[in-house]
Amino acid sequence: NMKFLFIPVASGVIVKNNKILIGLRAEGDSGAGMWEFPGGKIELNESSESAIKRELREELDIDATVNQKIMKYSHRFKNTIYEISFFEINKFTGSIKKNVHDDLQWIELASLKKYRFISGDLLLIDRILANPTLLNGLTIN
């Protein structure tokens with residue numbers, strides 16, 4: 001009888017100048033050396049919207065305007081179920097800093113598959129590659 005840990009998470013897909021921001025998880029983190037959309041755990045009594053704003057302030061030092069929730073799904077990793085809410089961000093103030101990531105890159109939508117992402121982000125990547133209009137901030141040529 002396996003017990004699962006249930007963790008709600010909020011992640012931000014930050015879009016600017018037709019590029020998407022991705023972060024490299026730091027050595028010592030779980031998933032070190034893999035890429036992710038920035039974000040983190042939603043705290044008790046916190047909405048997913050305020051969680052993503054707080055996480056982006058902590059991780060990137062920016063004040064983000066939440067544009068829309070793109071999707072939400074549950075992802076099982078080992079004995080944990082992450083319920084991930086993905087938000088599109090295409091407005092923020094402040095300049096992005098590497099507070100927690102080993103690297104940050106602005107990449108084209110088409111390049112997403114060239115990076116090794118944490119497993120929880122893969123379904124979202126497949127969805128937006130299949131349907132880029134899910135992201136309001138992208139101009140598709």
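Biologist: What makes 14 Å agree with a compact globule for this protein?

Modeller: The protein has 141 residues. A compact globule of that length would have a radius of gyration near 14 Å, and the protein has 14 Å, so the value agrees. Keep in mind that this is a predicted model.

Biologist: What box do the C-alpha atoms fill?

Modeller: Roughly 50 × 30 × 30 Å, along the principal axes.

Biologist: Which elements build the chain, and in what order?

Modeller: There are 2 helices and 7 strands. From the N terminus, the order is β-β-β-β-α-β-β-β-α.

Biologist: How much of the protein is buried?

Modeller: Buried residues make up 44% of the 141. To count, a residue must have under 20% relative accessible area.

Biologist: And what is the accessible surface?

Modeller: About 7,800 Å². Carbon and sulfur atoms account for 49% of that.

Biologist: Where do the charges sit on average?

Modeller: The protein has 19 positive and 18 negative charges. Their mean positions are 4 Å apart.

Biologist: Which residues of helix α2 are buried?

Modeller: Helix α2 spans residues 122-130. Its buried residues are Leu 124, Ile 125 and Ile 128.

Biologist: How do you know that they are on the same side of α2?

Modeller: They cover an arc of only 100° around the axis, so they lie on the same side of α2.

Biologist: What do the buried residues of α2 pack against?

Modeller: Three strands: β1 (5-16), β5 (63-77) and β6 (80-93).

Biologist: Why is Asn 45 called exposed?

Modeller: Exposed means over 50% relative accessible area. Asn 45 has 82%, so Asn 45 is exposed. Asn 45 lies in the loop between β4 (39-41) and α1 (48-60).

Biologist: Where is Asp 61, and what is its phi?

Modeller: Asp 61 is in the loop between α1 and β5. Its phi is near 65°, again positive in a residue other than glycine.

Definitions and conventions:
Residues numbered from 1 in each chain as written. Predicted model: local features only at pLDDT ≥ 70, side-chain atom pairs only at ≥ 80, totals over all residues. Heavy atoms only, no water. Helix = DSSP H or I, 4+ residues; strand = E, 2+ residues; numbered from the N terminus. Rg over C-alpha atoms; globule rule 2.2 N^0.38 Å. Buried < 20%, exposed > 50% of the residue type's maximum accessible area, 1.4 Å probe, protein only. Areas by Shrake-Rupley, 256 points an atom, 1.4 Å probe, with all protein chains shown as cover. Lys, Arg positive; Asp, Glu negative; His and termini not counted. Charge placed at Lys NZ, Arg CZ, Asp CG, Glu CD. Arc of directions from axis to C-beta. Contact = heavy atoms within 4.5 Å.
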